[in-house]
Amino acid sequence: MDETEFWELVDTSREAAGGDPEDQADLLVDRLLQLDPESVLDFARHFESRYNRAYTWDLWGAAAVLLDGASDDAFDFFRCWLIGQGREVYEPAVHEPDSLADLLGDFDEEVDGDAEDLGYAADEAYEQLTGTVAPDLGIPPAPPEPEGTPVDFEHERMLAERFPRLWERFRA
């Protein structure tokens, strides 16, 4: 599976789910079950590498603005959700997290920003296809700490200065 096929699966599952992260995860599992196990592992590698790439302080700060705070787990689930939004949202957000203010339509912090189940879709599909747990993907692990300059999530003024468009749109 190449990168284009990966993003097509993400996009078509999101569109079919009407943007609901839980429904998207279920649809994604269904679509992965139509593939061979090696293709499912390829999907998992694409997902995990993007998940690790999004492990940055700036994205964590953006998540904290959008979600009105973001614990370790909340940021993990946010990164899954971000991938689930597709390449057109993911790529700009990784480069400039404040761009999420322009990239996102309506954002409901009760529903959006949390797609934990997307992170398990490939594992679930692989296990259903093979009856075994997915093997190690053979990709480098995420760094022990997020990349970039740490963010003080409790300091609202700093968040507003660091993410002015997000702050203005979602917190002001």
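This is a predicted model: local features need pLDDT of at least 70, side-chain atom pairs count only at pLDDT 80 or more; totals for chains, interfaces and linings use all residues.
Local features require pLDDT of at least 70 and side-chain atom pairs pLDDT 80 or more, whereas totals for chains, interfaces and linings use all residues. Residues are numbered from 1 along each chain as its sequence is written, and side-chain values use heavy atoms, with hydrogens and water left out.

Residue G84 belongs to helix α5 (residues 72-84); helices are DSSP runs of H or I with at least four residues, numbered from the N terminus. With a relative accessible area of 1%, G84 is buried (under 20% relative accessible area, 1.4 Å probe, protein chains only). Contacts (heavy atoms within 4.5 Å) link G84 to V10, R14, Q24 and L118, residues up to four places away in sequence not being counted. The C-alpha atoms of G84 and A25 are 8.8 Å apart, at a sequence separation of 59 residues.

Residue A25 also takes part in the packing of α2 on α8, in which A25, L28, V29 and L32 of α2 meet A121, A122, E124, A125, Q128 and L129 of α8. By class, this contact comprises eight nonpolar, one polar and one charged residues (Ala, Val, Leu, Ile, Met, Phe, Trp, Tyr, Cys and Pro count as nonpolar, Asp, Glu, Lys and Arg as charged, and the others, Gly among them, as polar).

Residue D11 is located in helix α1 (residues 3-16) and, at 15% relative accessibility, counts as buried. Excluding residues up to four places away in sequence, D11 touches Q85, G86, R87 and E88.

Methods
Helices (H or I, at least four residues) and strands (E, at least two) are DSSP runs, numbered from the N terminus. Buried means under 20% relative accessible area, exposed over 50%, partly exposed in between (1.4 Å probe, protein chains only).
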